[in-house]
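Me: I have a model open and would like to walk through the fold. Can we start with the strands and then move on to the helices?
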Amino acid sequence: MALTPDQIAEAQALRATPRPTLRAVSEGMEARLYTPHPVLDHGFIRVIDYMGDDAAIVQAARVSYGAGTKKVSDDAGLIRYLMRHWHSTPFEMCEVKFHIKLPVFVARQWIRHRTANVNEYSARYSILDREFYIPEPGQLAAQSTVNNQGRGAVLEGAEAARVLEVLKRDAATAYDHYEEMLSQAQPDGTPQQGLARELARMNLPMNIYTQWYWKCDLHNLFHFLRLRADAHAQYEIRIYAEEMARMVADWVPLAFAAFEDYRMGGVNLSAKAVAVLKRRLNGEVVGQEDSGMSKGEWREFVEVWG
Ligand SMILES: Cc1cc2nc3c(=O)[nH]c(=O)nc-3n(C[C@H](O)[C@H](O)[C@H](O)COP(=O)(O)OP(=O)(O)OC[C@H]3O[C@@H](n4cnc5c(N)ncnc54)[C@H](O)[C@@H]3O)c2cc1C
């Protein structure tokens, strides 16, 4: 179960007791506060708290620009200007805190983003639930033949069934052993001490779920989304990032639109790529050999520019 009845009741109770505030409020984020959104088979993500809105970005930027903002006095224009020119500190004035339940192997990728503040569920203190990520059949794919860091065709028939069976059986066996080691009684009822939780957890597979609170400022959250809501990111982290992106779009619509335009939808060009584009615009036919680019660079260039 992605959400326990307690978690659902807690979110409902928090939403049922609004309080007046003098702080900046984002209507889009208020509508989302506390409510968990299911992700994968047992995971979820929800917003626990946030600080700032589009206006907070503009307000911070105006400290540095002062009266000079007249030219870009329109909020959307100023936010687009900041994004376009990598003037990032105003975006750091906004913060958001998420509660996320995710498989451990996803958490390992996620924790590489060092600019967040994290507090994780303690498996030294508590007993982990019997919850393992088992991919949907459509996500059970073979190793990609063109991308060493990716998947290719979906597994079919007996192979797919066998893989699913192995994943489920191994998870169940590992969890049975976890419980056995923790238990203060042997299977036949004979008393035993029971192994410490901090040790018993070590044979659990990476598809078991963990939970954490993850707090990040908007600048670094955009960096996270740029990398993890991208097609090159693994599906299992990408769908969390995509859900977060929808939340951010509701929270700071102007900043998110600028991010989508310049970062997600935009393209970085090397000096060599700019030179090739200029030559092409002048009618020259340019190939990889006389572009000064490597084969890899050229492939990526052609993917965008044809
Ligand atoms: C598709 C994909 C594949 C990947 N494959 C691998 C892989 O095979 N192996 C692997 O190990 N990782 C891999 N990673 C992880 C990747 O290398 C980064 O560690 C991860 O994306 C976090 O990025 P970051 O360091 O920029 O983010 P953050 O840690 O959030 O940092 C943001 C920025 O702050 C600065 N910063 C933060 N901390 C420091 C610091 N201590 N020193 C200097 N600057 C700092 C940097 O400018 C950094 O870009 C992969 C990531 C992606 C998206």
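Reply: One definition first: two strands pair if DSSP finds at least two bridges between them. Keep in mind that this is a predicted model.

Me: OK. In which sense do strand 1 and strand 2 pair, and over how many bridges?
Reply: Strand 1 (residues 37-39) and strand 2 (residues 43-51) are antiparallel partners, joined over 3 bridges. In that pairing P38 sits opposite F44 of strand 2.

Me: What do strand 1 and strand 2 form, and how many residues are between them?
Reply: They form a hairpin, with 3 residues between the two strands. L40, in the turn, has a positive phi of about 55°.

Me: And strand 2 with strand 3, how many bridges there?
Reply: There are 7 bridges, again in the antiparallel sense, and strand 3 covers residues 95-103. R46 faces H99 of strand 3 across that pairing.

Me: What about strand 3 and strand 7?
Reply: Strand 3 pairs with strand 7 (residues 209-217) over 9 bridges, in the antiparallel sense. L102 stands opposite T210 in strand 7.

Me: Switching to helix pairs. At what angle do helix 8 and helix 9 pack?
Reply: Helix 8 and helix 9 (residues 235-251) pack at about 135°, and their axes are 9 Å apart. That angle makes helix 8 oblique to helix 9. The crossing is left-handed.

Me: Which residues meet there?
Reply: From helix 8, L221, F224, L225 and R228; from helix 9, I237, R238, A241, M244, A245 and V248. By class, the residues of this contact are 8 nonpolar, no polar and 2 charged.

Me: Helix 8 and helix 10, what angle and what distance between axes?
Reply: Helix 8 (residues 218-228) packs with helix 10 (residues 253-264) at an angle of about 45°, with the axes 11 Å apart. Helix 8 is therefore oblique to helix 10. This crossing is right-handed.

Me: Who touches whom in that one?
Reply: L218, F222 and R226 of helix 8 meet A255, F259, R263 and M264 of helix 10. The contact of helix 8 with helix 10 has 5 nonpolar residues, no polar ones and 2 charged.

Me: And how does helix 4 pack with helix 10?
Reply: Helix 4 (residues 75-84) lies at about 40° to helix 10, with 9 Å between the axes. The two are therefore oblique to each other, and their crossing is right-handed.

Me: Which residues are in the contact of helix 4 with helix 10?
Reply: D75, A76, I79, R80, M83 and R84 in helix 4 meet L254, A255, A258, F259 and Y262 in helix 10. They divide into 8 nonpolar, no polar and 3 charged.

Conventions
Residues numbered from 1 in each chain as written. Predicted model: local features only at pLDDT ≥ 70, side-chain atom pairs only at ≥ 80, totals over all residues. Axes fitted to C-alpha atoms, helices over the stretch in contact; angles between N-to-C directions. Helix = DSSP H or I, 4+ residues; strand = E, 2+ residues; numbered from the N terminus. Parallel < 35°, antiparallel > 145°, perpendicular 65-115°, else oblique. Left-handed = near helix turned anticlockwise from the far one by under 90°. Contact = placed C-beta atoms within 7 Å. Nonpolar A, V, L, I, M, F, W, Y, C, P; charged D, E, K, R; others polar.
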